[in-house]
Structure formats: structure tokens, C-alpha cells
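Please read this note alongside the coordinates.

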Amino acid sequence: MTDRLDTIWDNQTAAVPAFLPKDIIKMARTQRRKQKIGMAVMSITTGILITYLIWQFPKEVNAFMIGLFIMIASMVIRIAIEYYSRLRKVAGIMQMDGKEYLGYLKTYYQWRKWVHYAITPLCFGAYLIGLIQLFPYFKAAFSSGFYTYLIVSAVVSLSMIAIIIIRQIKAELKFLKCLQF
């Protein structure tokens, strides 16, 4: 009986990943730093859009203004989710022991997974729709060369943002997988 329990125990410990609490802390700090950078970039972008909206505020509501509002709203929603996510992660951590913290991280990153697969595509899509609504006004206001530049830079910028978002999602999913031992 003792030999059988020893065998079961030995097999169980082999399944546990070889990382220490300091490794978990290091990964969590890296994720938090990236989250702060993302929030800063989104906040700056939102600030620029709001400044532009105030500066160019039209006298009547038109598709241009609606497009800007959609872009701003999608960014504000995403910033609010990231801020809430950050607050949720920090709340109560200091009172948890190792097992509670590990369980908490699993739950937290499961929730983040839902955010990444549901909310992020909706916000990105809404931002894209808002941007597309601006292009007819850009075409009328700018030269064809500058208009082409705006289209190309929008495609490049949005592609880079999509790549960054996908990388962040993959990193968080990898971290969640590390926690699932």
C-alpha cells in the first residue's frame, strides 16, 4: 500500500511545473507592466481623439462626429475594463496565502480570457467602424496623396495594434496554462 501511494505521489509531483513563487511573481509583474503600457497608449489615443473632437466640433451631428464618438467610446470602454481588471487583480492579494493566490490568478486569467475573446474584438471592431466613417470626410478635406497616406498609415497602425493585442493575449494564455498544473 505504501509503495503504491509513493508511486502515485511521485507521478503527481512530476506533473507540477518546475517554477518557483518568484517565477510566478516575475511573470505577473511583466504582465502588469505590459497592461500599464497598454492603458497609457489607449489613454493618450483617447486624449488625442477627444482634443480633436473639441477642436473640430461641428455645429451639427454628422457621420464624422459619430465616427469619432464611436472611436472614443470603444477606447473608453477598453480602458475602463483594463482599469477594473487591474483593480480586481490587486484587491485582497496581500491577505492571500500561496494556494489562495494561485487559485485567484487562475480565476482572474479565466476572466481575462473572456475579455480577450469577447470584449476586445467588439471594441476593436467599433474603433474600426468609427475610423471608416471618417474616411469620406478625409477624402473631401485632403489631397489624394495625403488621403492615401492616411489609409496606408491606418492599415499599418491597426495591423500593428492587432499584432500587439494578439501577442498580449497569447502571453496571458501562456501564463494561465502555467497556472493549470
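1. Basis. This is a predicted model, in which local features need pLDDT of at least 70 and side-chain atom pairs count only at pLDDT 80 or more, while totals for chains, interfaces and linings use all residues. Residues are numbered from 1 along each chain as its sequence is written, and side-chain values use heavy atoms, with hydrogens and water left out.

2. Fold. The protein chain has 5 helices and 0 strands, and its elements run α-α-α-α-α from the N terminus on. Helices (H or I, at least four residues) and strands (E, at least two) are DSSP runs, numbered from the N terminus. Of the 181 residues in the chain, 30% are buried. Buried means under 20% relative accessible area, exposed means over 50%, and partly exposed lies in between (1.4 Å probe, protein chains only).

3. The structure holds 3 salt bridges, each defined as a side-chain nitrogen of Lys or Arg within 4 Å of a carboxyl oxygen of Asp or Glu. Side chains of opposite charge can pair when their charged atoms come close. One of the bridges joins Glu82 and Arg78, whose closest N and O atoms are 2.7 Å apart. Both residues lie in helix H3, 4 residues apart, or about one turn of the helix. Glu82 and Arg78 are both buried.

4. Salt bridges between helices. Glu82 also meets Arg112 in a salt bridge, at 3.0 Å from N to O. This pair links distant parts of the chain, with Arg112 in helix H4 and Glu82 in helix H3, 30 residues apart. Arg112 in turn pairs with Glu172, again at 3.0 Å from N to O. Here the link runs between Glu172 in helix H5 and Arg112 in helix H4, 60 residues apart. Glu172 counts as buried because its relative accessibility is 4%, and Arg112 is buried at a relative accessible area of 0%. Through shared partners, the salt bridges join Arg78, Glu82, Arg112 and Glu172 into one network.

5. Largest pocket. How much space lies in the largest pocket? The value is about 1,100 Å³. Of its 37 lining residues, Val41, Thr45, Met75, Tyr127 and Ile161 are the closest to the centre. The elements giving two or more residues to the lining are helix H2 (21-55), helix H3 (63-90), helix H4 (98-141) and H5. H2 gives the most, with 12 residues. On a 1 Å grid over the protein atoms alone, a pocket is an open set of points where a 1.4 Å probe fits, with protein on both sides within 12 Å along at least five of seven lines; lining residues have an atom within 4 Å of a point. Grid points are joined across faces, edges and corners, and the volume is the space filled by probe spheres set on the points.

6. Lining composition. The lining of the largest pocket divides into 25 nonpolar, 8 polar and 4 charged residues. Ala, Val, Leu, Ile, Met, Phe, Trp, Tyr, Cys and Pro count as nonpolar, Asp, Glu, Lys and Arg as charged, and the others, Gly among them, as polar.

7. Phe124. Phe124 is found in helix H4. Its relative accessibility is 26%, so Phe124 counts as partly exposed. Phe124 and Ser74 are 50 residues apart in sequence, and their C-alpha atoms are 7.3 Å apart in space.

8. Surface patch. Phe142, Phe146 and Tyr149 form a nonpolar patch on the surface, with about 300 Å² of accessible area together. Tyr149 belongs to helix H5 (residues 144-179). Patch residues have over 30% relative accessible area and no salt bridge; like charges are joined within 9 Å, and nonpolar side chains (Val, Leu, Ile, Met, Phe, Trp, Tyr) within 5 Å. Accessible areas come from the Shrake-Rupley method with a 1.4 Å probe, and for residues only the protein chains shown count as cover.
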